[in-house]
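Subject: Structure for your review

Dear colleague,

Please find below the structure that I am handing over to you. I would be grateful if you would read the notes after it with the model open beside you.

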Amino acid sequence: MMNIKLISAHGRVATRDRILDAAEQLLRSGETADFSMRDLAAAAGVSFATPFNYFGSKAAIMQALSARRIGEMERRCAAMTMTGDAVGDAAACVLSAVGVAVAVLLEEPVVNRHVIGSLGGPQVEVGHVAERSRALWAAALGDFDGVRPALMAVARAHLPDYLALGFRGCISFWVAGEIGDADLPGRARAMAAAVLLGFVRDEGRAGLLTVIGL
C-alpha cells in the first residue's frame with residue numbers, strides 16, 4: 001500500500017511539473033501570456049480538465065510558475081552559503097543574494113516578464129509570492145551580522161519585508177521595460193544597498209554608498 005501511495009504521489013508531481021513546463025514553453029514562444037487552458041492541456045499532453053484539476057485556474061498556474069522562480073533563487077542562495085561563496089556580514093550576503101535572484105530572472109527574461117507581469121494586477125486567488133520573497137531575504141540576512149545593535153529588533157521584524165518590496169519594485173519596472181536587462185543587476189543592488197544603509201554599523205556604510213554610486 002505504501003509503495004502504491006508513493007508511486008501515485010510521484011505521478012502527481014510529474015504531471016504537475018509537465019503542466020508547468022508546458023506553460024513555460026507557451027510563454028517562451030508567445031508574445032503575451034494570453035494562452036488558453038486548452039492550448040496548455042494540448043502542449044502538456046493531458047486532458048483539458050487536468051490543468052484545472054491540478055491548479056484550479058490559470059492564475060494559480062502563474063503563481064506556481066512564480067513560486068518555481070523563487071524556489072530556484074532559494075536553492076542557489078542555499079548552495080552559495082553551503083560552499084562559502086556568500087561571505088561577509090548580512091549586507092554582503094544580501095547583495096550576493098540579489099545577484100543570484102537577478103541571474104535567475106535574466107536566464108529566461110521573456111518567460112519571467114510574462115510570469116511577473118501576470119501577477120501585477122488584482123488576483124482572484126491570493127498567492128504567497130510576498131511571503132516567499134520575505135523568506136528569501138530573511139535567509140540572506142542570516143544572523144543580521146553588521147546591523148546596529150540598537151536597530152536589531154526593528155531589522156529582524158521589518159528588513160526582510162523592505163527588501164522584498166524594493167526588489168519587487170525593481171523587477172516591476174523591469175517587466176514594464178523601464179529598466180533594461182543590462183541595468184537590472186546594478187539597479188537591484190543599489191536598491192538593496194539603499195535599504196540596508198540605515199541599518200548597518202558605521203564601518204559598513206562606505207561599501208554600501210559605493211554600491212549606490214555615491
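This is a predicted model: local features need pLDDT of at least 70, side-chain atom pairs count only at pLDDT 80 or more; totals for chains, interfaces and linings use all residues.

**Overall fold**

The chain contains 10 helices and zero strands. Read from the N terminus, its elements therefore run α-α-α-α-α-α-α-α-α-α. Of the 214 residues, 37% count as buried. Among contacts between residues at least 6 apart in sequence, 69% join residues at least 24 apart.

**Packing of helix 7 and helix 8**

Two packed helices are described by the angle between their axes and the distance between the axes. For helix 7 (residues 129-141) and helix 8 (residues 152-175), the axes come within 8 Å and cross at roughly 115°. The crossing of these two helices is right-handed. On the side of helix 7, the contact is made by Val129, Ser133, Arg134, Trp137, Ala138 and Leu141. Helix 8 contributes residues that include Leu159, Pro160, Leu163, Ala164 and Phe167, together with charged ones such as Arg156 and Asp161. In this contact, 10 residues are nonpolar, one is polar and four are charged.

**The nonpolar cores**

In soluble globular proteins, nonpolar side chains tend to be buried together. In this model, the largest nonpolar core has 40 residues. Those with the most contacts inside this core are Val94, Trp137, Leu141, Leu159, Phe167, Leu196 and Leu208.

Helix 5 gives the most, with 11 residues.

Leaving aside its neighbours within four places in sequence, Leu159 is in contact with Leu141, Phe144, Val154, Val195, Leu196 and Phe199. Apart from this core lies another one, of 21 residues, among them Leu20, Ala22, Leu40 and Met62.

**Salt bridges**

How many salt bridges does a search of the whole structure find? The search finds 13. Three of them are described here.

In one, the side chains of Glu24 and Arg68 meet at 2.9 Å, N to O. Glu24 lies in helix 1 (residues 2-29) and Arg68 in helix 4, so the pair ties together parts that are 44 residues apart in sequence. Are these two residues buried or exposed? Glu24 has a relative accessible area of 11% and is therefore buried, whereas Arg68, with 26%, is partly exposed.

In another, the side chains of Glu74 and Arg132 meet, again at 2.9 Å, N to O. This pair links distant parts of the chain, with Glu74 in helix 4 and Arg132 in helix 7, 58 residues apart. Glu74 counts as partly exposed at 28% relative accessibility, and Arg132 is partly exposed with a relative accessible area of 27%.

The side chains of Asp181 and Arg113 also meet in a salt bridge, at 2.8 Å, N to O. Asp181 lies in the loop between helix 8 and helix 9 and Arg113 in helix 6 (residues 109-118), so this pair ties together parts that are 68 residues apart in sequence. Asp181 counts as partly exposed at 31% relative accessibility, and Arg113 is partly exposed at 23%.

Salt bridges that share partners join Asp17, Asp21, Glu24, Arg28, Arg68, Arg69 and Glu108 into one network. Not counting residues up to four places away in sequence, Arg69 touches Glu24, Val104, Val111 and Asn112.

**A buried loop residue**

Val200 is found in the loop between helix 9 and helix 10 (202-212). Why does Val200 count as buried? Its relative accessibility is 5%, and buried means under 20%. Not counting residues up to four places away in sequence, Val200 touches Ala91, Gly146, Val147, Arg148, Arg205 and Leu208. Val200 and Met152 are 48 residues apart in sequence and 9.5 Å apart in space, C-alpha to C-alpha.

With kind regards

Technical notes: Residues are numbered from 1 along each chain as its sequence is written. Side-chain values use heavy atoms; hydrogens and water are left out. Axes are lines fitted to C-alpha atoms, for helices over the stretch in contact, and angles run from 0 to 180 degrees between N-to-C directions. Helices (H or I, at least four residues) and strands (E, at least two) are DSSP runs, numbered from the N terminus. A crossing is left-handed if the near helix is turned anticlockwise from the far one by less than a right angle, and right-handed if clockwise. Contact means heavy atoms within 4.5 Å. A nonpolar core is a set of buried Ala, Val, Leu, Ile, Met, Phe, Trp, Tyr and Cys residues joined through side-chain atoms within 4.5 Å. Buried means under 20% relative accessible area, exposed over 50%, partly exposed in between (1.4 Å probe, protein chains only). A salt bridge is a side-chain nitrogen of Lys or Arg within 4 Å of a carboxyl oxygen of Asp or Glu.
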